[in-house]
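Student: I've got a model open and want to learn how to read its features. Can you walk me through it?

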Amino acid sequence: MIGLLGDGSFQYSVQAICTAAQHNLAIVYVVMRNQEYSILKSFAVLEEPAGVPGLDLPGLDTPVARGFGCIAVDVETTEELEREFKSALTAGTTTVIVVATQPQKATL
């Protein structure tokens with residue numbers, strides 16, 4: 001099974017990663033890390049509220065997944081992603097692959 005998350009989603013998905021690790025499930029989570037909660041930033045632009053906190057997400061990283069017993073890696077290139085993904089498909093356990101991406105202005 002494969003799951004694709006952004007860092008905004010990842011902060012709410014750690015329970016699922018913990019459960020998958022506890023049951024030794026062969027799931028590959030790919031987390032796109034741009035260090036912000038883009039969809040909420042776009043809502044903030046739309047709604048124009050003042051001073052919305054918690055939209056920047058620095059520091060969401062693989063140690064959280066490793067702490068649950070998952071294989072966890074950070075990748076920065078397409079080649080690294082391909083290599084780690086192929087490895088994860090045969091690992092037989094829960095794997096989290098974090099892909100560094102650049103923030104982009106999200107619009108609704």
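Tutor: Let's go from the fold to the side chains. This is a predicted model, where local features need pLDDT of at least 70, side-chain atom pairs count only at pLDDT 80 or more, and totals for chains, interfaces and linings use all residues. Residues are numbered from 1 along each chain as its sequence is written, and side-chain values use heavy atoms, leaving out hydrogens and water.

Student: How many helices and strands does the protein chain have?

Tutor: Helices (H or I, at least four residues) and strands (E, at least two) are DSSP runs, numbered from the N terminus. Here there are 5 helices and 4 strands, in the order β-α-α-β-α-α-β-α-β.

Student: How many salt bridges does the structure hold?

Tutor: A salt bridge puts a side-chain nitrogen of Lys or Arg within 4 Å of a carboxyl oxygen of Asp or Glu. The structure holds 2. Arginine 83 pairs with glutamate 84 (3.6 Å, N to O), and glutamate 82 with lysine 86 (3.1 Å, N to O).

Student: Where do glutamate 82 and lysine 86 sit?

Tutor: Both are in helix α5 (residues 78-89), 4 residues apart, so about one helical turn separates them.

Student: Is lysine 86 buried or exposed?

Tutor: Buried means under 20% relative accessible area, exposed over 50%, partly exposed in between (1.4 Å probe, protein chains only). Lysine 86 is exposed at 52%, while glutamate 82, at 45%, is partly exposed. Across the 108 residues of the protein chain, 35% count as buried.
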